[in-house]
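Let's take a walk through this model together, beginning with a sheet and ending with a single residue. Keep the viewer open as you read.

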Amino acid sequence: MANKKLKNFEYANHTVSGKSENINSDDLAFFECINGFVFIICDGKISGSSEVKPSALTTERLKYYLENEYVENPSDAVYNALVYANGFIYEYARKNPEFNDPRVSCSILLIRNNESYYCVVGNSTISFFNGKRLFVLATDLDAKGKSKEKTDDALSEGFFIGEKQNIIPEVNREPLIALNDDMIMLGSDGLSDVVTEKQVLKILGDPMPVQTKVFRLTDMAVHAGSEDSITVQLIAFYNLNHTERKFVPLTLKGKKFIKDVNARRKVKTDDSSGEDQTSQKEHSPIIENLKKPAVKYTLLALGILLVAYMFYDLFLYNPVRPVKFEPITNQEQLLEEPDEEVTVTLENKIPDDHIYTVQSGDNWSRIYTQFGVCSWFIRNHPPNRGKFDSADNPVAGSRINIPVVYSSRRDLNPDFYQEFSIEKTGTRCENADQEFLDNFKENHL
């Protein structure tokens, strides 16, 4: 089990043997190299008399390539590393008969400049959590069935690393751009085969620490009776300057990620580049019913009747007799009471503080994401004096006042939110200080 916090993300991982295994067949790696931060999960069956574990050898080769060969395009770096590892494992198995039928699955994630590139070969899965929903970024569960199909053509494309001489991994060309509190999860099929989407969402959405989430996920798979080894790597992002979330799932060859996940459909193909861009859409039985002829004609008939009724009601039907109005001659009747004067005071414009209980794992970035208030204004707000630790960080369990009058969110601070936009406070709130606050009070309060 490893857990570490870096500048822009925290990661944790864990791996355990399956119910029917004496030795853990999975292998994982997490390291920083010349190409960026790399996270890997490899899953290979241990068979034959070889003492070399296929998953460990694959991880070693991927790490060797990425640590020694810098590639300018991060997507190409992932692609090249997988092709190199596949060729090495294939030749190793050919020269060492005891290294019987390696067939290694692999999920790999490369983060460079806070942009993520990913690929899956075989039965592994990579998914993305945006705080509410779980999206499949890459998976190929059909590989499990196809891997059993034997062919004499050694030059054909393999679905697993080491299965064939050639492999064509699919890596995202457009980077994944995450926002604060987003997560990326790498998992072996020991997890994805036995847990449901609802179970995963319940754990990822809980404010428990990242390390605890990983333990809970692996324990859940163990209790569900997973026969295969279970490995999870979870990366949680924070302190990012990104303002827009972007990601493109890879072409999904498999039918499912985990139980209860809706079908995904291919929606766009760029013939000029040969790359597929996919979007995830939910299957709707209502839309399917609307496509049936009987339903379509019934709705059409109702539409015609509705238009006919509107025409009759507007132009033909007139049950009210015309009424003749006499002009008002009495001047006193023209006098109206003046409207009640509405007094808008400064107090009406200043929103009340929000009382917030600091949660475990909270930092200033998370609190800013929720309220849009720079930490300087919170730390120097009079009701909050003495409520922070020696480094002026929030303390879990304490109750602090969030002065939303200094918020950049319109829904919380409708009158002054523009005065606290990122352009004015700075992308890292570096402009928030006493002078900034005094100028605001002088001009608006």
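In what order do the six strands of the open sheet come? Keep in mind that this is a predicted model. Reading across the sheet, you meet E1, E2, E11, E10, E7 and E8, paired in antiparallel fashion. At the edges stand strand E1 (2-5) and strand E8 (134-139); each has a single partner strand, so one side of each is left without a neighbour in the sheet. From one strand to the next, the twist averages 15°.

Strand E7 (residues 125-129) and E8 run antiparallel and are joined by five bridges.

Helix H5 (residues 197-204) lies across E7, E8, strand E10 (183-187) and strand E11 (230-237), and runs at about 115° to E8. Helix H6 (residues 210-223) lies across E1, strand E2 (9-16), E10 and E11, running at about 155° to E11.

Is Ser407 buried or exposed? Its relative accessible area is 0%, and because buried means under 20%, Ser407 counts as buried. What is Ser407 in contact with, leaving aside its neighbours within four places in sequence? The contacts are Phe371, Gly372, Val373, Leu412, Asn413, Phe416, Tyr417 and Phe420.

How values were computed. Residues are numbered from 1 along each chain as its sequence is written. This is a predicted model: local features need pLDDT of at least 70, side-chain atom pairs count only at pLDDT 80 or more; totals for chains, interfaces and linings use all residues. Side-chain values use heavy atoms; hydrogens and water are left out. Buried means under 20% relative accessible area, exposed over 50%, partly exposed in between (1.4 Å probe, protein chains only). Contact means heavy atoms within 4.5 Å. Two strands pair if DSSP finds at least two bridges between them. Helices (H or I, at least four residues) and strands (E, at least two) are DSSP runs, numbered from the N terminus. Axes are lines fitted to C-alpha atoms, for helices over the stretch in contact, and angles run from 0 to 180 degrees between N-to-C directions.
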